[in-house]
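This report describes selected features of one protein chain. Please look at the sequence and the structure below before reading on.

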Amino acid sequence: MSDASLLALYGGTFDPIHYGHLKSVEALARQVLLRGVTIMPNNVPPHRPQPEASSEQRKAMIELAIAGNPLFTLDDRELSRSTPSWTVETLEQLRAEIGHSQPLAFIIGQDSLLSLHRWNRWEELLSLCHLLVTQRPGYPLAMETPEQQAWLAQNITDSVATLHQQPSGKVFLAQTPLYDISATVIRQRLEENQPCDDLLPPEVLAFILQHGLYR
């Protein structure tokens, strides 16, 4: 493998961050030999309802969730934007900082892979990074159309070495455990005063209760 170890980003709303995020990415990191993962919360998600917690609160919950875990770091650049968080623009900005030969990956869930064709300038993503895909329960493994399936077949790899050697261009379907946890379920449970101890780190739950979030 090259000296330029694979950099990996993990974007999302994280409203709130939970074990489904953390444990699946930890499993992915072991599989793909990642030294680190940069969590990048987005401010105004273009494709989904707006976050219930504020940017500051979501950032604080991520900091609590990853404290003491050397795998994770936080990049809050997208939180300072008032415009939609387009992944392709953030990746372009990063490429300008790290150069074009550094291997770079963006981590998404199976659900995001299936809806990738709705992303802004999605065809350009693989020119900027690899896509590392974690499994999500309840989502099919095949793309919606023959064209999308052909795109996947053309770009898929099962070679970890390739991810570390090439700067971009590949899709890797990781064999991660299926965690049936979603932020939606957590918010529903909190609203109904049901326990969530098994779904997210205790420090995050304490913050949520202290600030009366998702009520």
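In this predicted model, the charged end of Lys-23 sits over the ring of Tyr-19, at 4.7 Å from the ring's centre.

Another consists of Trp-122 and Trp-151, with ring centres 5.3 Å apart and planes at 75 degrees, so it is edge-to-face. Trp-122 belongs to the loop between α4 (110–114) and α5 (125–128), while Trp-151 belongs to helix α6 (residues 146–155), so the pair ties together parts that are 29 residues apart in sequence.

Are the residues of these two pairs buried or exposed? A residue counts as buried when its relative accessible area is under 20%.

| Residue | Relative accessibility | Class |
|---|---|---|
| Tyr-10 | 9% | buried |
| Phe-14 | 3% | buried |
| Trp-122 | 16% | buried |
| Trp-151 | 16% | buried |
| Tyr-214 | 5% | buried |

How many residues of strand β4 (residues 104–109) are buried? Six of the six are, so the strand is largely enclosed by the rest of the structure. In a regular strand, side chains alternate between the two faces of the sheet. In β4, Leu-104, Phe-106 and Ile-108 point one way, Ala-105, Ile-107 and Gly-109 point the other way, and all of them are buried.

Strand β4 has partners in β1 and β5. Strand β1 (residues 7–12) runs parallel to β4 and is joined to it by four bridges. Within this pairing, Tyr-10 stands opposite Ile-107 of β4.

At least two lining residues come from each of β1, β2 (37–41) and α3 (87–98). Which element gives the largest share of this lining? That element is β1, with three residues. By residue type, the lining has nine nonpolar, four polar and two charged residues.

Some backbone details remain. A cis peptide bond, with omega of about 5 degrees, joins Asp-15 and Pro-16. Pro-16 lies in the loop between β1 and α1 (19–32). Phe-14 is placed in the loop between β1 and α1 as well. Although Phe-14 is not a glycine, its phi is positive, at about 50 degrees. Tyr-214 is not a glycine either, yet it has a positive phi of about 60 degrees. Tyr-214 is found in the segment after α9 (202–210), and it counts as buried at 5% relative accessibility.

Terms used
Residues are numbered from 1 along each chain as its sequence is written. This is a predicted model: local features need pLDDT of at least 70, side-chain atom pairs count only at pLDDT 80 or more; totals for chains, interfaces and linings use all residues. Side-chain values use heavy atoms; hydrogens and water are left out. Buried means under 20% relative accessible area, exposed over 50%, partly exposed in between (1.4 Å probe, protein chains only). Rings of Phe, Tyr and Trp (its six-membered ring) pair if their centres lie within 6.5 Å; planes under 30 degrees apart count as stacked, over 60 as edge-to-face and the rest as tilted. A charge sits over a ring if NZ of Lys or CZ of Arg is within 6 Å of the ring centre and within 35 degrees of the ring normal. Two strands pair if DSSP finds at least two bridges between them. Ala, Val, Leu, Ile, Met, Phe, Trp, Tyr, Cys and Pro count as nonpolar, Asp, Glu, Lys and Arg as charged, and the others, Gly among them, as polar.
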